Amino acid sequence: MHTIEKPNVAELTDAYRQAISHFSTGVAVISTRTEAGPAGMTASAVASLSIDPLQLLVCIRTDLPTRSAIEEAGQFAVNILGDGHEQLARHFATPRPDKFATVDLREGYEVPVLSDAIAHFVCKVGAALPGGDHTIIIGDVIDCGHTSGADPLVYFSRKFSSLCGPTAHARHAYDLHLELMM
């Protein structure tokens, strides 16, 4: 009989961080607006949940101001970032007094919807569930849209990246071919 020894908590936490970093995700800015103003943060823990009813979920660290703001507002937007939006992702990942001061927004929404987002989902909070040091927020989608043909910003192995489209793939193959010839 084979027994598995349990690693200590610190070792398991480090192993988990290393392993989960190899799961590629898209990158989104979660945004909302309260009477105090807009709030937002970068997130990668976003997933489609249901088609009937239309729902998605976001996981936000419980101690972050955006989580409290979403609870207060009762609604939020998920703004999917595209290839080339790494700076925008870093902007919303960094604490600062007014993250929206230099960001263009789409008109006609109660919550901030980023003009540069390649897709967006406006949601009412359907439920908020505990998830360890995070809150799992289920959003009932009330509006959404996208930009056709846009490539996503991808997060993998603790780095921002992009999909390897045909042009990039051809360039990598050409560079490899040249390297092998030398």
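Which glycine, with a positive phi, follows H2? That would be glycine 74, with phi near 80°. Helices (H or I, at least four residues) and strands (E, at least two) are DSSP runs here, numbered from the N terminus.

A quick word on the ground rules. This is a predicted model, so local features need pLDDT of at least 70 and side-chain atom pairs count only at pLDDT 80 or more, while totals for chains, interfaces and linings use all residues. Residues are numbered from 1 along each chain as its sequence is written, and side-chain values use heavy atoms, with hydrogens and water left out.

**Helix H2.** In H2 (residues 65–73), the buried residues are Thr66, Arg67, Ala69 and Ile70. They sit on the same side of H2 because they cover an arc of only 165° around the axis, taking the directions from the helix axis to the C-beta atoms. Buried means under 20% relative accessible area, exposed over 50%, and partly exposed in between (1.4 Å probe, protein chains only). On the face turned away from that buried side, H2 carries the exposed residues Pro65, Glu71 and Glu72. The cover over the buried residues includes strands S2 (28–34), S3 (37–43) and S5 (55–61), along with S6, S7 and S8.

**Alanine 77.** Strand S6 (residues 75–80) holds alanine 77, which counts as buried because its relative accessibility is 0%. Beyond its neighbours within four places in sequence, alanine 77 is in contact (heavy atoms within 4.5 Å) with residues including Val29, Ile30, Ser31, Val111 and Phe121.

**Strand pairing.** Two strands pair if DSSP finds at least two bridges between them.

| Strands | Sense | Bridges | One partner pair |
|---|---|---|---|
| S6 and S7 (residues 119–131) | antiparallel | six | asparagine 79 and histidine 120 |

**Aromatic rings.** Rings of Phe, Tyr and Trp (its six-membered ring) pair if their centres lie within 6.5 Å; planes under 30 degrees apart count as stacked, over 60 as edge-to-face and the rest as tilted. That rule gives two aromatic pairs. One of them is phenylalanine 92 with phenylalanine 100, edge-to-face at 5.0 Å centre to centre and 65° between the planes. Phenylalanine 92 is buried, at 1% relative accessible area, and phenylalanine 100 counts as buried at 8% relative accessibility.
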